Each structure stands twice: as C-alpha cells, then as structure tokens.
Amino acid sequence: MKLQHVLVMGASGGIGLAMTKKIAAEPELKTLILCAAHASSSKLLQELKRECDEKNIHCLIIDVDITNENSLAALVTCITPSVTALDLVFNAAGLLHHDALLPEKTITQISANAMQQIFAVNAFGPILLAKALWPWLRTKQTTVFASLSARVGSIEDNRLGGWYSYRAAKSAQNQFLKTMAIELARINPAGIVLALHPGTTDTMLSRPYQAGVAAEKLFTPDFVAERLLELILHAKPEDTGSFIAWDGNRIPW
Ligand SMILES: NC(=O)c1ccc[n+]([C@@H]2O[C@H](COP(=O)([O-])OP(=O)(O)OC[C@H]3O[C@@H](n4cnc5c(N)ncnc54)[C@H](OP(=O)(O)O)[C@@H]3O)[C@@H](O)[C@H]2O)c1
C-alpha cells in the first residue's frame, strides 16, 4: 500500500507525533494533514512541517476538536480539492486524565461530567471524525481508517476492573468502528477499518500509571509507531473491523 495522502488526528501527542514522523518519511507522500486540539502550538509539528516543505510534501497543521462537529466541518474545508481520497486516516486522539479528571478506582468516583468528557474524546470523536471524512474514505480505492483504542476496552479481557469511563468509552469506540467497517465494506470493498492497541507506551497519557509496568513492557512511542505503521501498510480488506494489538495479535472484543 502506498501512502500519498494522509491525515493524522492527535498528531501532537506521544504516539501521534511518532507516527507522523514515520509517515512523513514515506517515499510517495504528497499530502500530510496534521490535526490536534492544540496542533498549531506544537513546536515539534511546526518543525516537521518545515521538513515536509523542503521535500515538497503539502503539510497542513490544523487545530481541530474531535468532539466538535463544527470544528470537524471546518477541517474538511481545508482539504485540497485535488485530494479526492485519503490513503490513511490515523486517529491518535485520546483522553485518560487531566488536571481535574482521574480514571475511577471505584464506582463511587463515577461522575456524569467526567464520563461525558471521556466518551466525547475516546468514543464519539473517532466516529465523528470518520463521518466528516466519509467522502474521502468511501471512494473505491484502498484506504485505511485506523484508530487507537486500548486493550482495556476489551470486555472479555477485563479482569482488573476500574477505569470505568475509559474502558467503556474504548469499548464503545470499538463498536462504532466495527459498525462502520461493515458499512464501508459494502460501498468500498478496499476500505479497511482497524481498532488498534498500541501497548503501554511512554507518553503523557500513561505517565502517572507506569509504576507497575515492567520496563520491557513500557514501549517508546517510536517503537510503537514502527509496529503500527507496519501493521497498517500490510493490512488487507479481510482485516477490516478487527481489534489488533501492536504485535499483530487479535484482541477479543
Ligand atoms: N500511551 C499508552 O500507554 C496508551 C495505551 C493504550 C491506548 N492508548 C491510546 O492511544 C492514543 C494516543 O495516546 P497517547 O499516549 O499518544 O496520548 P497523548 O500523548 O496524551 O496524546 C493525546 C493526543 O490527543 C489529542 N487530543 C485530546 N483531546 C482532543 C480533542 N478533543 N480533539 C483533538 N485532539 C485531541 C491531543 O491533542 P493536544 O495535545 O493538542 O490537546 C494529543 O495530540 C489514545 O487514544 C490512547 O487512549 C495509549
């Protein structure tokens, strides 16, 4: 699979940025659209854009709130008319915690407001992004929509409990992606939709929760990006609608 026109959401984050760097090195790349809530304030993305400009890759950096339909509608107006299909949409936007929000250890910590915030980014965001980009995915050519889920979103694999909202939001994302995969297969049999688990990766998102993780199980963003890009480049239409870990193994729903 050749990557010519690519959009990355969450491009400023730990995994998103590492993935963006790998994609920028793809030999056939022509268009790279880099989005995140605060993408324009990322010095690293600006640096990457300068490198792309030197290689004549059309690189756009756009602030997009994945939870906001108006923001997504504004994003699609920035896509050059000559780009009629996207070879890859990689969604690395996600939320586990912020200053005023921590994953729940017990049911008594559940709050409607926190659940809404976590669901907005991790569950509704990916499918709203896919809806906005649908015209660029439904064309009859190989296209991959890959979104970062998490193993904790697997209902079958839930042995520890806790993290109610994040787990449930990732489970909901998985269901949205599976449903979309079925619809896309009917109109674009070369379309591939993947829910990916990156493994525990050393980023801002996981940093407060790394204490119990064995050193060999805590991956660098660069390692994860290499594995995920490899998976994406070799994905086949029969893989669509699956939940796959960084090592290529399927994860039960
Ligand atoms: N790290 C891990 O161990 C791990 C494990 C399993 C799954 N994952 C999943 O992998 C994905 C990437 O995680 P990460 O570790 O790279 O996290 P990260 O470093 O915290 O990056 C998160 C990214 O999401 C963006 N984002 C957050 N809210 C957004 C919104 N409303 N609209 C648009 N962009 C938004 C951020 O943009 P701004 O910086 O501009 O706000 C940032 O680019 C997440 O979905 C996460 O759940 C991570």
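In the predicted model, the buried residues of helix α6 pack against α1, β4 (88–91), β5 and β6 (191–197). These buried positions are P221, V224, A225, L228, L229 and I232. Viewed down the axis of α6, they fall within an arc of 125°, so they line one face of the helix. An α-helix has 3.6 residues a turn, so residues three or four places apart point the same way. Helix α6 itself covers residues 221–233, 13 residues in total, and reaches 18 Å from its first C-alpha to its last, close to the 18 Å expected at 1.5 Å a residue.

The ligand is surrounded by 29 residues, the closest being G13, G14, G94, T203 and L205. Helix α1 (residues 14–24) supplies the largest share of this shell, 3 residues. By class, the shell consists of 15 nonpolar, 13 polar and 1 charged residues.

Most residues other than glycine have a negative phi. N56, although not a glycine, has a positive phi of about 60°. N56 is located in the loop between α2 (43–54) and β3 (58–63). W163, likewise not a glycine, has a positive phi of about 50°, and W163 lies in the loop between β5 (143–148) and α5 (164–187). W163 is buried because 22 other C-beta atoms lie within 10 Å, where the cut-off for buried is 20 or more.

Conventions. Residues are numbered from 1 along each chain as its sequence is written. This is a predicted model: local features need pLDDT of at least 70, side-chain atom pairs count only at pLDDT 80 or more; totals for chains, interfaces and linings use all residues. Helices (H or I, at least four residues) and strands (E, at least two) are DSSP runs, numbered from the N terminus. A residue is buried if 20 or more other C-beta atoms lie within 10 Å of its own, exposed if 12 or fewer, and partly exposed in between; C-beta atoms are placed from the backbone. A residue is near a molecule or strand if its C-beta atom, placed from the backbone, lies within 6 Å of it. Ala, Val, Leu, Ile, Met, Phe, Trp, Tyr, Cys and Pro count as nonpolar, Asp, Glu, Lys and Arg as charged, and the others, Gly among them, as polar. The expected span of a helix is 1.5 Å times one less than its number of residues. The arc is that of the directions from the helix axis to the C-beta atoms. Two residues are in contact if their C-beta atoms, placed from the backbone, lie within 7 Å.
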